[in-house]
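I opened my notebook beside the viewer today and jotted things down as I went. Here are the entries, in the order I looked things up.

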Amino acid sequence: MRIAETSDLWWKNAVIYCLDVETFFDDDGDGTGDFAGLTQRVDYLAALGVTCIWLMPFYPSPDRDDGYDVTDFFTVDPRLGTMGDLVEFIRSAKDRGMRVIADFVVNHTSNQHPWFLEAIKSKDNPYRDYYVWRADTPPDTSSEVVFPGEQTSLWTKDEATGEWYLHMFAEHQPDLNVTNPKVRNEIAKAMGLWLELGLDGFRLDAVPFFLETRGQPKDEAANLDPHEYLSALRSFLSRRNGSAVMLGEVNLPYKEQLEYFGGQEGNELNMQFDFMTMQHLYLALARHDARPLAENLKSRPPLHPDNQWAMFVRNHDELTLDKLNDAEREEVFAAFGPDKNMQVYGRGLRRRIPPMLGGDAERIRMVYSLMFSLPGTPVLFYGEEIGMGEDLRQKSRSAVRTPMQWNNTKNGGFSDAKVSDLVAPLVRGEFGPDHVNAAAAKRDPESLWNFMATLIQRYRESPELGWGEFALIDQPEPAVFAHSCTSDGGTMVLLHNFGTAKAKVTGTVAPEDGPTRAYKGALLLDVLDGGNVPLEPDGGFTVELGRYGYRWFRVQQPGDRLAP
């Protein structure tokens, strides 16, 4: 794969870094992170090797759901700065070769949004149809709620008008009515504004929910094909910015995810998170057995060349395990979240990786090596690069949304404010800033930060991982995950040991030109820090992996020019 061929679809081999402005760096000392502070930390992200920054919601909000309860889609929350501050940040990021995308919440607004405040004034208010209403008493929907224990129904009665409004999430987040063309126009105008200001696309929150037409009259719902609407959004973005991306949160089985890509046309979402691989990865880790991950990836369907999977091992929500069966989920809970306080909604974990893995440096590095080596685009959540932990004193998902730990000074270097004024408490104990912080990590050549920077660099030098054809490599060790990625004549061979014992991996690189002597004189060229391995003429190889060992190789044929 020639690097120049990757530039149009930049996101196919990007490195995406998700952060929340309010918990990243506080410039003005009020206890809340802001865009001015984020701009000061752009060089840190550039040094790590990040190529795309994903901003969690920065719009005005009562902040009852970490900004996902929006009151204005067209401006910046004053706590975080001004529109000018946002533009300065985007300019600074682009000056350093980084693109910027942002969360966009299409499914709902806050119940404090001016649209909803108008809608509840009367049944004939012009904004009434911006939301979804029913006059009759709704059926029991307690089994369908997204946050068990926090809500009991998808409908809440508005006492002023006597009707119920739909909310797929919390009752303070009423669902927008996307069958209403005025709502769709407002969504497009808001997206258009942010594209004009320099954003390179959006991470779309809860995509299957915002395409839901529940509660609408049949004729109105019939007039809106949800997937035609998603395709129209993609087309709109492409007209405004030809390289803009839509990254969708679609936690569904692969067959249904294909529909959200646009099927064979590939004309809806550009990218989707691979929740299935993430969940089976944790099952494999719990068992010290790579086979659950291998079996899942065998079932992952091929995509249109313009589409891509986003790979992650930690995100800003709970680590959902909802696609595992009950017994499998309990295995993962027992291994990584045995205390009920570590679990959430009965389906996921509210923990970060280092504490889950007991601070085992070898195992932590193996997990991240694997994430970067899997076919797709890696997505990091802020603080992963230094090994931050969670704060189980906080409620629900807030456990993993603590302030960034910059150094071992007051408030971890996040803010000069009084502790009582911080937007969220910092992690305490062995994963707190006294022991885990960016300043120390950057200066330690053996740190996780420097390991991640190396992985990012090697990933960016290996376009086969973002663009290539994935194949499992047959080998006898159940604890070992072995695969290859091939593109434009280049092949990567990647090996990861999920076990605590050493493993001898014997496998074969599939020959391109027939079964005999295709690899005479060829070798596996190590691209991390180990030694090269000669290949047999039929592509056979033997590699020893240590406890939680990992190796990245590129197939080097005689006469091939070596990369620097």
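This is a predicted model: local features need pLDDT of at least 70, side-chain atom pairs count only at pLDDT 80 or more; totals for chains, interfaces and linings use all residues.

**Entry 1: the cut-off for charged pairs.** Before listing any pair, I wrote down my rule: a salt bridge is a side-chain nitrogen of Lys or Arg within 4 Å of a carboxyl oxygen of Asp or Glu. I then checked where the two sit: R203 is in strand β7, and E249 is in the loop between β8 (245-248) and α9 (254-261). They are 46 residues apart, so I filed the pair under links between distant parts of the chain, with both definitions of elements taken from the DSSP runs. Are these two buried or exposed? I found R203 buried, and E249 as well.

**Entry 2: the other partner of R203.** I stayed with R203 and found a salt bridge to the side chain of D103, at 2.6 Å from N to O. D103 belongs to strand β3 (residues 99-104) and R203 to strand β7 (residues 201-204), so this pair ties together parts that lie 100 residues apart in sequence. I noted D103 and R203 as buried, both of them.

**Entry 3: charged pairs elsewhere.** How many salt bridges does the rule give? My count came to 33. One I looked up joins E464 and R554, with the closest N and O atoms 2.9 Å apart. E464 is in helix α17 (residues 464-467) and R554 in strand β22 (residues 550-556), 90 residues apart, so I marked this as another link between distant parts of the chain. The relative accessible area of E464 is 4%, so I call E464 buried. R554 has 17% relative accessibility, and because the cut-off is under 20%, R554 counts as buried. I also traced a network of salt bridges that links D66, D317, E318, R347, R397 and R401.

**Entry 4: the barrel.** Next I followed the strands. Which strands make up the closed barrel? I read eight of them with parallel pairing, in the order β1-β2-β3-β7-β8-β9-β10-β14. From one strand to the next, the twist averages 25°. I zoomed in on strand β2 (residues 52-55), which pairs with β3 in the parallel sense over four bridges. There, W54 stands opposite I101 of β3. Helix α3 (residues 83-95) packs on the sheet and touches β2 and β3, and its direction makes about 155° with that of β2. Helix α8 (residues 226-240) also packs on the sheet, touching β7 and β8, with about 145° between its direction and that of β8.

**Entry 5: a hairpin.** I then turned to strands β5 (residues 155-158) and β6 (residues 163-166), which pair in the antiparallel sense over four bridges. W155 has L166 as its bridge partner in β6. Four residues lie between the strands of this hairpin, and G162 takes a positive phi near 75°. I came back to W155 for its ring: the charged end of R134 sits over it, 5.0 Å from the centre.

**Entry 6: aromatic rings.** My search of the whole structure found 34 aromatic pairs. In one of them, the rings of Y44 and W406 have centres 4.9 Å apart and planes at 80°, so I wrote edge-to-face. Y44 is in helix α2 (residues 42-48), while W406 is in the loop between β14 (377-381) and α15 (438-443), 362 residues apart. Both Y44 and W406 are buried. Y282 and F336 also form an edge-to-face pair, 6.2 Å centre to centre with 80° between the planes. Here Y282 comes from helix α10 (residues 275-287) and F336 from helix α12 (residues 326-336), 54 residues apart. Y282 counts as buried at 3% relative accessibility, and F336 counts as buried at 2%.

**Entry 7: a ring cluster.** Last, I listed a cluster linked by ring pairs: F35, F58, Y59, F73, F89, F104, W115, Y127, Y130, W194 and F202.

Methods:
Residues are numbered from 1 along each chain as its sequence is written. Side-chain values use heavy atoms; hydrogens and water are left out. Buried means under 20% relative accessible area, exposed over 50%, partly exposed in between (1.4 Å probe, protein chains only). Two strands pair if DSSP finds at least two bridges between them. Axes are lines fitted to C-alpha atoms, for helices over the stretch in contact, and angles run from 0 to 180 degrees between N-to-C directions. Contact means heavy atoms within 4.5 Å. Rings of Phe, Tyr and Trp (its six-membered ring) pair if their centres lie within 6.5 Å; planes under 30 degrees apart count as stacked, over 60 as edge-to-face and the rest as tilted. A charge sits over a ring if NZ of Lys or CZ of Arg is within 6 Å of the ring centre and within 35 degrees of the ring normal.
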